[in-house]
Amino acid sequence: MKDCNACGKCCIKYGNGGLSISNQELQTWIDDAPEIAKYAHNGEIWFDPHTKALLNACPWLEKQSNSSAYTCAIYHNRPDDCRYYPSTLDEMIRDDCEMIEAKDTRNPKQAQKDLQIIMSDSWN
Ligand code: SF4
Ligand code: SF4
């Protein structure tokens, strides 16, 4: 299992529908980051703040100019759906996550343990 290389595949896949937000998370945004809260609608994200139409991409995903990597402009305020991704080897395989190494699919139990260690900062 490798560290995340910021390839952006997960943000691109889920940035145009499929991410939800709890009432508690929304309230935290309303209090601390209202500029993010306005992109939520009916418990989901990311919607145009004016038309309430689903956006084609997450508005906070930024492509780095000097590499193929992406960054999250709201990393410290990102939603839990993002904070807890990836959480299982199965979803990583499904999403072609670039953290996976060949040995991970040969030994999924160890891969899941390695993922837990790598993601401990994000999950806690
Ligand atoms: S909020 Fe950040 S981590 Fe979540 S989809 Fe957007 S860019 Fe990716
Ligand atoms: S798909 Fe995997 S390697 Fe790529 S940004 Fe998402 S978590 Fe990181």
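Which residues surround ligand 2?

**View 1. The surroundings of ligand 2 in the predicted model.** Ligand 2 is surrounded by C4, N5, A6, C7, G8, K9, C10, P86, D95, C97, E98 and M99, a residue being near a molecule if its C-beta atom, placed from the backbone, lies within 6 Å of it. The shell has seven nonpolar, two polar and three charged residues; Ala, Val, Leu, Ile, Met, Phe, Trp, Tyr, Cys and Pro count as nonpolar, Asp, Glu, Lys and Arg as charged, and the others, Gly among them, as polar. This is a predicted model, in which local features need pLDDT of at least 70 and side-chain atom pairs count only at pLDDT 80 or more, while totals for chains, interfaces and linings use all residues. Residues are numbered from 1 along each chain as its sequence is written, and chains are lettered from A and ligands numbered from 1 in the order in which they are written.

**View 2. The surroundings of ligand 1.** C11, Y14, G15, C58, W60, L61, C72, I74, R78 and C82 surround ligand 1. By class, eight residues of this shell are nonpolar, one is polar and one is charged.

**View 3. An open sheet of three strands.** The strands (DSSP runs of E, at least two residues, numbered from the N terminus) are ordered β1-β3-β2, with antiparallel pairing; two strands pair if DSSP finds at least two bridges between them. β1 (19-20) and β2 (40-41) stand at the edges with a single partner strand each, so one side of each has no neighbour in the sheet. Two bridges join β1 to β3 (residues 44-45), and L19 has I45 as its bridge partner in β3.

Methods. Helices (H or I, at least four residues) and strands (E, at least two) are DSSP runs, numbered from the N terminus.
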